Amino acid sequence: MTLCYLCEANDKSYFNYYCEKCQKIKRMIHLHSLERVSEILDIVLLRTRDEENQKIKVAIEEEKTKCDNTQRKLRDREKNNKSV
Ligand SMILES: [Zn+2]
């Protein structure tokens, strides 16, 4: 067994270039055309620039919240140590 030429993750049989899943993709391309399959993948899997920026903003906000929580815990710990 060797790796599939397309996904390079799954094993393929000796007589095929592609694994079962990639063979299915190949059949879809033959059935619907490369243009149509590529268009669908673009629509479904690729994010627009605005969506990317929104995701980045959310990730930054989550990190900021984590940092704020950590700082708050450290301040509380310092207060507790001083009062003891
Ligand atoms: Zn594959």
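The model is predicted. The protein chain contains three helices and two strands, arranged along the sequence as β-β-α-α-α. Its radius of gyration is 25 Å, well over the 12 Å that the globule rule gives for 84 residues, so the chain is more spread out than a compact globule.

**Overall form**

- The C-alpha trace of the protein chain spans about 75 × 35 × 10 Å along its principal axes.
- Of the 84 residues in the protein chain, 2% are buried.
- The chain is divided into two domains, with domain 1 covering 1-46 and domain 2 covering 48-84.
- Between the C-alpha centres of domain 1 and domain 2 the distance is 42 Å.

**Helix α2**

- Helix α2 takes in residues 34-45, and at 1.5 Å a residue its 12 residues should span 16 Å.
- Helix α2 is hardly covered, since the count of buried residues among its 12 residues is zero.

**Loop residues with positive phi**

- Glu 8 is not a glycine, yet its phi is positive, at about 55°.
- Glu 8 sits in the loop that joins β1 (2-3) to β2 (11-12).
- Glu 8 counts as exposed because it has 9 C-beta neighbours inside 10 Å, where the cut-off for exposed is 12 or fewer.
- Ser 33 is not a glycine either, and its phi is positive at about 90°.
- The loop between α1 (20-32) and α2 holds Ser 33.
- Ser 33 is exposed, as 11 other C-beta atoms lie within 10 Å.

**Cys 19 and its surroundings**

- Cys 19 is located in the loop between β2 and α1.
- Cys 19 counts as buried because it has 21 C-beta neighbours inside 10 Å, and the cut-off for buried is 20 or more.
- Leaving out residues up to four places away in sequence, Cys 19 touches Cys 4, Cys 7, Asn 10, Asp 11 and Lys 12.
- From C-alpha to C-alpha, Cys 19 and Tyr 5 are 8.1 Å apart in space, while in sequence they are 14 residues apart.

Key. Residues are numbered from 1 along each chain as its sequence is written. This is a predicted model: local features need pLDDT of at least 70, side-chain atom pairs count only at pLDDT 80 or more; totals for chains, interfaces and linings use all residues. Helices (H or I, at least four residues) and strands (E, at least two) are DSSP runs, numbered from the N terminus. The radius of gyration is taken over C-alpha atoms; the globule rule is 2.2 Å times the number of residues to the power 0.38. Domain bounds come from an automatic or database domain assignment. The expected span of a helix is 1.5 Å times one less than its number of residues. Two residues are in contact if their C-beta atoms, placed from the backbone, lie within 7 Å.
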